[in-house]
Structures are given as structure tokens and as C-alpha cells.
Amino acid sequence: MSDTALFLFLMIPGTVFLGVSDVLVRRVLRGGKSSSQQLVMYECGATAFLLAIPLFIFGIPEIRAGFWSAVAVTVILNTFAQWAWYSAFAREEASLISPIRLLTPPFVILTGYLVLKETPSLWGALGIMITVIGLWILLRDEARNTRFTVREVLRRPGMLLALWGALSFAISFPFDKKAVVASSPLFAIVVVFTGLALGSALVLFVRREKGTHLSFRANRKVFLMIPFVHAAASLLTYAAMQYSLAAYAASVKRLWPLWTILLSGAFLKEGNIAKKVVATGIMLAGIALTVILG
């Protein structure tokens, strides 16, 4: 099996699990009564604990140079990015917030070059930029439906948080890959997610949130599903990163919003799903161009 086929074999199912994870997160945070930071701490901590079991069985891999510095950078960036992202989900529909992730690949062109010295082809870069056109259509449709301008939609707190989260993910993505290449996908996930859980706990201690909490009793089934879904998503997508350039991996990983939109319409009854699918389809055309010709 070629590297491209292996990459797609791992990444595409991983994005489906990520879409399911988005819906579960939105289910918990919808209404603004649950703490987004507590949810990050629970999700990352529970996922790290779950995957520590097979890590204990298979053993710790060889840790090569650059691993710990990559982990330190990605934990710091993702602690902020996860807080921003989950806070955005508490404020806006999952089917609107999730496509904002499609801004990550254009940024990864730059960060992938600076961190990993990877240079995508002209076709690859063009495909990535097409995703931005699809995002513009998505925002324009949201503006029409809410009677706001595109600029006003972008200025909403949930959208601003999502934009900052997308930028942070773009910066951290090459470091995620660097951590995987310098160890193994399983070990990198356990270490990074443990760091994220501890980082989120520190943020909670400093901010001393009041008035919000996680209702495990009200969402028992959802909380039981979250670590298993997130573990499957993380293991598949982290493993896929070994077989592609960071910029291309970030692009194909953006299939994630499509599944989120479809699942949000089916299970969260969110609106304007058809237009969101069309806009996301344009973004996916850019992704196809990146993979086939890039």
C-alpha cells in the first residue's frame, strides 16, 4: 500500500470520529451552562488514560531528538486553542463553528515550512486556498440568514474564538507531527493529552470559574462515549500524519467539518444544513485538488 493510500485509509475514518466528537461536545456545551474548560480537562485526561492502557502493553518507543520541545510547544498552544474552540461551541452552532477549521491549512503552509521545511507544490497551495473560498460562501450564507454582514458575523464572540483557535491549531499542527515522528502516534497522544489535561486544570485553578459545571448525571451516556470517540479519532489522525506533508495532512483532516455538519443536522437539529454542505463541498474540492495534484 502506498503512503498516500495508507494516509487516506487512516485519516478519513479519523475525521468521521472527529465529527462525532464535535456533536458530543456541542451536546454538552449547548446552552452555556457547562464549563468548556472542565470539558477539555475531562476529554483530554480520559482519552490519555484510555490510550495509556495499550501503551503500557506495547511499551514506550524510542524517543528521538526534538520530541520534548515539540510536546511543550503543542501543549501550550493547544491549551489555549482547545479553550477557545470549546468556548466557541458553547456560543454558536457546531455546523457553523466547525468549518472555521478550514482556515487552518493555509496557515499550515507557512508553519509547515518554518518548522518542518516542507514545501507544498503550486497545485497543493491552490487547492488549500480554494477552501478559503468555500469558507467565505459559508459566512455569507450565515450573514444572509441572520441579517448581519459578513464582518458582523466574524465579530461575534463565538466566531472570534473559533478564528483564534484555528490559528493556534495551525501553528501547533507541525509540532504535533514532529512529536509523532520523534516517538510514535500512541506515545505522542498520551503525553500531549496528559499535558493538555494538566494545562486545563491549571487554567481552571487560575480563573476559578463560577456558575458553570459539568453535569455528568444529565449527560451520562455522552460522557461515557467522549473518551472512546476522541481516542479513536486521535489515534487514527495522529498515525496518518506520518505518511503525508503537514500542510496536506491538515487539509484532508478538514473533512472533519463535513461530518460535523451532517451529524449536527441529524442529531442536534441545527438549521441551514444544505447551504453549509454546499459551502463545505467547495472546501472539499480544494482538498481533493491538494491530494490528487499536490
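## Helix H12 and its length

The expected span of a helix is 1.5 Å times one less than its number of residues, and a helix here is a DSSP run of H or I with at least four residues, just as a strand is a run of E with at least two, both numbered from the N terminus. Helix H12 covers residues 256–268, and because its 13 residues should span 18 Å at 1.5 Å a residue, the 17 Å between its end C-alpha atoms agrees with that expectation. Within H12 the buried residues are Trp256, Pro257, Leu258, Thr260, Ile261, Ser264 and Leu268, where buried means under 20% relative accessible area, exposed means over 50% and partly exposed lies in between (1.4 Å probe, protein chains only). Just after H12, lysine 269 takes a positive phi of about 55°.

## The model and the whole chain

This is a predicted model, in which local features need pLDDT of at least 70 and side-chain atom pairs count only at pLDDT 80 or more, while totals for chains, interfaces and linings use all residues. Residues are numbered from 1 along each chain as its sequence is written, and side-chain values use heavy atoms, with hydrogens and water left out.

The secondary structure of the protein chain comes to 13 helices and 0 strands. Of its 294 residues, 53% count as buried. If a contact means heavy atoms within 4.5 Å, then, of the contacts with a separation of 6 or more, 87% join residues 24 or more positions apart.

## The nonpolar core

A nonpolar core is a set of buried Ala, Val, Leu, Ile, Met, Phe, Trp, Tyr and Cys residues joined through side-chain atoms within 4.5 Å. The largest such core has 73 residues, and the members that touch the most others are Leu39, Phe67, Trp85, Ile100, Phe193 and Tyr238. Leaving aside residues up to four places away in sequence, phenylalanine 193 touches Cys44, Gly45, Thr47, Ala48, His230, Ser234 and Tyr238.

## Two salt bridges

When a salt bridge is taken as a side-chain nitrogen of Lys or Arg within 4 Å of a carboxyl oxygen of Asp or Glu, the count comes to 2. Glutamate 92 pairs with arginine 156, their closest N and O atoms being 2.9 Å apart. This pair links distant parts of the chain, 64 residues apart, with glutamate 92 in the loop between helices H3 and H4 and arginine 156 in the loop between helices H7 and H8. Both glutamate 92 and arginine 156 are buried.

Glutamate 62 and arginine 64 form a salt bridge with closest N and O atoms 3.7 Å apart. Glutamate 62 counts as exposed because its relative accessibility is 56%, whereas arginine 64, at 37%, counts as partly exposed.
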